[in-house]
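Please look through the sequence and the model that follow, and keep both at hand while reading the report below.

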Amino acid sequence: MNHNVPQRERDFFDRRWQATRAVPVQEPLAIPGVELAGKRVLICSCGSGVEPVQAAIAGAHVWAFDISSVAVQKALDVARFNGQTVRAAVMDFHALGFPDACFDAIYGSSILHHVDCAAAGRELRRCLKPGGVAFFRENSDRNVILRLARRVMFGSPGERQRNRWLWFRRTGTSDEYPLTEKEIAVLGEIFEGRLERVYEDFMFVRLISLFGWDRPVVSSVTEAVDALTVRICPWLMRYSFAQGVRVTKAFVGTASRAPTIASGGVSSISAASTSMDPGKS
Ligand SMILES: C[S@@+](CC[C@H](N)C(=O)[O-])C[C@H]1O[C@@H](n2cnc3c(N)ncnc32)[C@H](O)[C@@H]1O
C-alpha cells in the first residue's frame with residue numbers, strides 16, 4: 001500500500017467527522033452468531049462513534065480505534081451523550097497497539113476496503129483470543145455489472161477519477177475501492193481458511209438511490225425490486241454490493257490477555273473515559 005494513503009484517509013475523515021453531531025443511539029450491535037454481553041469487543045475504525053455505543057448497549061466491554069482523532073473524540077462524545085462507557089484511541093489498523101489475544105470479538109463496517117488486508121488481517125489474528133471472531137460489514141467488487149458501471153462513471157483509484165457522473169456521485173476517499181475477491185482470499189489465508197461470507201441483504205438496483213436519486217419513492221421502488229429479484233433467484237445473493245466477512249481464529253494454546261495500549265506508535269486521547277487500562281473495564 002502507498003504510505004500516503006493512511007494520511008489521506010485521516011485528513012478526509014477528520015473533515016467528515018467534524019461535521020457530525022452526537023446522536024441518540026438505541027439499537028444494540030448484532031454480530032451473527034456472536035453473543036456480545038460480557039465480552040471484550042474491539043470496534044475497528046469507529047468513525048461516527050455510533051458502533052462502539054451499540055456494542056456497549058449489547059452489554060460488551062468496548063474498545064475502539066480510528067486513524068482520525070476527530071473520530072476518536074466523536075466516539076467518546078457519542079458514548080457520553082448516551083450514558084455509555086467506551087475506551088477509544090487513535091491507531092492505524094496496520095499496527096494496532098493492543099497485546100496479543102485480548103479480544104473475544106472484533107467488529108467493523110465499511111473499513112476493510114480502506115486498508116491493506118494483509119497487514120490488517122495479521123493484526124486481527126494477533127489481537128483475537130483463540131476461538132474469537134472478527135466480523136465486518138463491507139461492500140463487494142464481485143458483481144461484474146457494478147464493477148463496470150463504477151469504472152465508467154467514476155474511474156478507478158490511481159487513475160483520473162470523477163466525483164460526479166450525470167446524477168450519480170462518488171462519496172468516498174480517492175483511494176477506496178469496493179472489497180475485492182483477492183483481498184478476501186488474503187484474509188482467508190491469514191485465518192487458515194476459517195472465513196465465511198455472510199449475506200444479510202441483497203443490494204443492487206438500490207444503489208441508484210444511494211448514489212443518485214436519493215428520493216423516498218426511488219428507494220422504496222428499488223428496494224422492492226432487489227427483494228423480489230433475490231426471492232426469485234436466491235443464488236444472486238452472492239453478487240450483492242453488501243456483504244459480511246467473518247473470520248475465526250483457531251483454538252490454539254495462546255493464553256488470553258487483557259487489552260492495554262502498548263507504548264509507542266499509538267497516540268491515545270487522555271480522559272477518564274478513554275482509559276485503555278483493563279482494570280477499569
Ligand atoms: C467509511 S468510514 C466507516 C466508519 C464507521 N464504521 C461508521 O460507520 O461510522 C471509514 C473509517 O475508517 C477510518 N480509517 C481509514 N483508514 C484507517 C486506518 N488505516 N486505520 C484506522 N482507521 C482507518 C477512517 O478514519 C473512517 O473513520
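This is a predicted model: local features need pLDDT of at least 70, side-chain atom pairs count only at pLDDT 80 or more; totals for chains, interfaces and linings use all residues.

Just after helix α2, glycine 59 takes a positive phi of about 95°.

Helix α2 is mostly covered, since seven of its eight residues are buried. The buried residues of α2 are Val50, Glu51, Pro52, Val53, Gln54, Ala55 and Ala56. What covers them includes the strands β1 (40-43), β2 (61-66), β3 (86-90) and β4 (103-109), together with helix α3.

How do two helices that touch one another get described? Two packed helices are described by the angle between their axes and the distance between the axes. On the side of α2, the contact is made by Val50, Pro52, Val53 and Ala56, while α3 contributes Ala75, Val78 and Ala79. By class, the contact of α2 with α3 has seven nonpolar residues, with no polar and no charged ones.

Helix α3 also packs against α1, at an angle of about 35° and with the axes 7 Å apart. In this contact, α1 supplies Phe13, Asp14, Trp17 and Gln18, and α3 supplies Val70, Ala71 and Lys74. By class, the contact of α1 with α3 has four nonpolar, one polar and two charged residues.

| Helix pair | Angle | Axes |
|---|---|---|
| α1 and α3 | about 35° | 7 Å apart |

The next topic is the ligand. Of the 20 residues around the ligand, Phe13, Ser45, Gly47, Ile67 and Phe93 come nearest. The elements that give two or more residues to this shell are α1 (4-18) and α2, and the largest share, three residues, comes from α1. By class, the shell around the ligand has eight nonpolar, eight polar and four charged residues.

Finally, the protein chain as a whole comes to eight helices and 10 strands. Of its 281 residues, 37% count as buried. Among the contacts in the protein chain with a separation of 6 or more, 74% are accounted for by residues 24 or more positions apart.

Technical notes
Residues are numbered from 1 along each chain as its sequence is written. Two residues are in contact if their C-beta atoms, placed from the backbone, lie within 7 Å. Helices (H or I, at least four residues) and strands (E, at least two) are DSSP runs, numbered from the N terminus. Ala, Val, Leu, Ile, Met, Phe, Trp, Tyr, Cys and Pro count as nonpolar, Asp, Glu, Lys and Arg as charged, and the others, Gly among them, as polar. A residue is near a molecule or strand if its C-beta atom, placed from the backbone, lies within 6 Å of it. Axes are lines fitted to C-alpha atoms, for helices over the stretch in contact, and angles run from 0 to 180 degrees between N-to-C directions. A residue is buried if 20 or more other C-beta atoms lie within 10 Å of its own, exposed if 12 or fewer, and partly exposed in between; C-beta atoms are placed from the backbone.
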